[in-house]
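This briefing is intended for a reader who is meeting the structure for the first time. Please keep the sequence and the model in view while reading.

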Amino acid sequence: MTRDVWKHLILVIGAIIVLAPFYMMLSYSFKSPGEIDRGVGGFFGAQEMMVDPRCVKLRDPNRDEIAAVAPQYPGKTDSEIRAAIMAQAEIDCSMRPVVFNYSKAFIEAPLLRYLLNGVIVTASIFIVQVLVALPAAYALAKLKFWGREAVFGLVLFCLLIPVHAIALPLYIMLAKVGLTNTYAALVVPWTISVFGIFLMRQFFMTVPDDLIDAARMDGMTEFAIVWRVMLPTAIPALLAFAIFSIVAHWNDYFWPRIVVTGSRDLFTPPLGLREFKGDADGSFFGPMMATATIIVTPLIVAFLVAQRRFIEGITLSGMK
Amino acid sequence: MAGLSISSVTKRFGDTEVLKGVTLDVADAEFVSLVGPSGCGKSTLLRIIAGLEDPTSGEIAIDGKGVTGMRAAARNLSMVFQSYALYPHLTVAENIAVPLRMRSLTAAQRLPLIGPFLPGAKEQRAEIASAVQDAADMLEISALLDRKPGQLSGGQRQRVALGRALVREPAAFLLDEPLSNLDAKLRVQTRAEIAQLHRRLNATFIYVTHDQVEAMTMSDRIAVMMGGEILQCDAPSVIYEDPSDIRVAEFIGSPKINILPVELANAEMTLFGRVLGHAAEVAQAGIYQLGLRPEALKLMQAEPVMTGTVAHMENLGSEVYAQVALADQTARVTLRAAPTERHKLHLGAEVGLGFDLNDGLIFDADGKRRRRLEVAVMREREVA
């Protein structure tokens with residue numbers, strides 16, 4: 001009984017440590033800048049109307065504009081007219097903090113464009129990774145050829161190479177062929193996933209040889225076996241790999257930051273966070289956290305949907 | 001349907017020689033079993049016939065045409081695997097349809113979504129569907145066509161695997177221990193069904209098993225394999241009654257045949273010092289081995305050839321097996337007795353055993369059958 005209590009206590013502490021950053025992220029995305037600075041307002045903040053200072057500043061009229069609207073304010077001085085316009089601007093620019101944060105996220109940064117880029121890049125990477133990894137894993141697991149063990153050794157060796165170690169040479173190569181600032185630069189370096197090859201190979205090892213022999217007897221070519229027999233039986237493992245691959249490349253900040261140097265049109269969602277990084281007037285934590293929330297939501301939803309099969313895949317339960 | 005011929009096939013895996021020159025001719029519509037203990041090379045031979053494995057040397061011909069080196073799919077053979085090897089993601093109907101789809105549809109027609117709308121695809125698909133239905137009807141699995149293999153029992157999966165094999169008309173059926181994953185009762189039932197299927201299809205069957213009962217009950221001929229060689233290939237009755245090698249005699253028959261040492265000296269054949277018969281000038285003097293099936297031994301009160309005590313008994317109802325420890329010998333012999341004789345047998349009972357030498361099989365020290373010596377001993381005995 002008491003042991004159960006301890007067990008649960010430790011698990012609860014672990015859960016709090018893991019969840020705390022997400023709690024902060026979500027909470028900040030709801031609060032006004034003042035509440036964030038002062039650390040008040042609980043989880044949701046008071047949601048009092050607040051004024052967007054930047055919006056107001058943009059509406060500050062110059063001398064010509066005041067002259068243009070002067071006939072609407074008969075008998076008023078220029079400064080009185082300006083005060084009236086600013087008062088109106090403050091009313092127009094006031095909103096709830098949650099609306100402020102999330103609208104900033106979409107308006108200030110073209111977040112929809114970034115999300116689309118994220119989808120294009122992660123999906124392309126994953127599809128090409130599967131196209132490469134499945135035949136390679138099949139060959140390594142089920143075909144007998146000279147040097148197979150050596151090739152598999154190389155796969156294991158490649159698993160040990162840290163991405164950051166080869167980032168610079170990769171960047172130079174891409175720059176030489178003129179591919180920086182293209183989708184290709186974001187996709188091509190990741191298309192061969194040794195982790196994918198390794199994971200799928202381990203799964204294919206558990207597929208009975210008889211199944212492959214039966215497919216051969218039924219008239220399938222080796223490629224047909226990969227796509228018609230191995231792929232459908234490997235769905236759980238493939239889902240596990242999909243989560244690893246998609247999470248890694250959706251959340252990747254490092255590589256897009258290196259190869260996307262010019263156009264904001266190629267920014268992936270994590271690069272969108274930079275839009276709110278503090279300049280002289282301080283960081284916009286509210287919109288930044290709203291952006292972060294929007295970025296992680298698709299992944300969390302996808303995980304919850306695929307959770308059961310994902311865990312099946314991780315445990316690599318073979319078929320009986 | 002076609003005959004099959006295998007000539008001097010050898011197979012090595014590294015340094016181990018799994019097949020040492022196997023030659024076998026299978027006639028059209030014949031049911032041949034390859035039987036032997038595990039590791040004797042029977043499954044390897046079947047895989048070589050199927051084209052899943054290449055022989056190190058030797059030739060395979062189907063219907064007179066050499067197929068050595070040809071892809072498995074091009075040989076037009078069907079195989080049923082021990083583990084059934086059904087596609088887990090396809091329904092029963094789709095599983096059975098696979099061999100037909102791969103053969104009669106073009107790659108484009110097999111494509112999902114657009115495939116069914118290509119010219120000719122509709123007729124082909126209708127043909128396949130009716131062939132699948134026919135196969136399912138024959139095996140009585142029509143009710144299961146929409147299920148996945150995971151939802152089927154072992155016996156049902158076995159039928160689906162058979163259905164997938166017979167849906168197209170192959171040159172021959174290869175079956176690799178198809179019954180070994182079934183429980184004993186189902187095995188007996190399916191055994192009879194496969195034999196019936198063979199008669200109905202009138203097709204060539206090559207059946208690999210380690211179970212001699214399956215081989216004995218289903219086959220036209222049995223090829224007994226051991227150590228990478230076929231020791232003997234004959235009809236089941238010949239294999240049982242007239243084996244040419246002591247290993248065949250020992251492998252086939254349950255309980256195992258009794259082997260007793262006999263000595264031939266001065267044209268006299270003796271067992272434990274007792275003269276059994278005379279043989280003149282047909283064989284060298286020396287030690288020979290006498291094989292006696294359990295049913296050849298008889299309980300004998302007067303003048304028994306051997307005496308001993310009952311050491312173990314197995315009562316199967318219709319028959320009783322008794323292991324008798326021979327007096328003054330380390331050997332034990334197994335005796336089959338009718339239930340009417342059961343009262344004479346109980347643990348520790350002293351029994352006398354005799355036999356008719358006509359029922360005995362004589363092998364030399366190397367295990368080769370000595371038929372001429374047998375004939376000579378019989379003849380001499382009759383003269384005496």
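The points below cover the domains, the contact between the chains, and a group of paired strands. The model is predicted. Chain B is assigned two domains, and chain A is in contact with chain B.

**Domains of chain B**
- Domain 1 of chain B covers 4–247, and domain 2 of chain B covers 256–383.
- The centres of domain 1 and domain 2 of chain B, taken over C-alpha atoms, are 41 Å apart.
- Contact between these domains involves five residues of domain 1 of chain B and eight residues of domain 2 of chain B.
- On the domain 1 side of this contact in chain B, two residues are nonpolar, one is polar and two are charged.

**Contact between chains A and B**
- Chain A brings 14 residues into contact with 17 residues of chain B.
- In chain A, helix H12 (209–217) and helix H13 (222–233) are the elements that each give two or more residues to the side touching chain B.
- H12(A) supplies the largest share of that side, with six residues.
- By class, the side of chain A that touches chain B holds eight nonpolar, two polar and four charged residues.

**Paired strands in chain B**
- Strand S16 (residues 306–315) of chain B pairs with strand S19 (residues 350–355) of chain B in the antiparallel sense, over four bridges.
- Within this pairing, Met306(B) has Leu353(B) of S19(B) as its bridge partner.
- S16(B) also runs antiparallel to strand S17 (residues 320–326) of chain B, to which seven bridges join it.
- Ala322(B) in S17(B) stands opposite Met313(B).
- The hairpin of S16(B) and S17(B) has four residues between the strands, and Gly317(B) takes a positive phi near 90 degrees there.

Key: Residues numbered from 1 in each chain as written. Chains lettered and ligands numbered in written order. Predicted model: local features only at pLDDT ≥ 70, side-chain atom pairs only at ≥ 80, totals over all residues. Domains from an automatic or database assignment. Contact = placed C-beta atoms within 7 Å. Nonpolar A, V, L, I, M, F, W, Y, C, P; charged D, E, K, R; others polar. Pairing = 2+ DSSP bridges.
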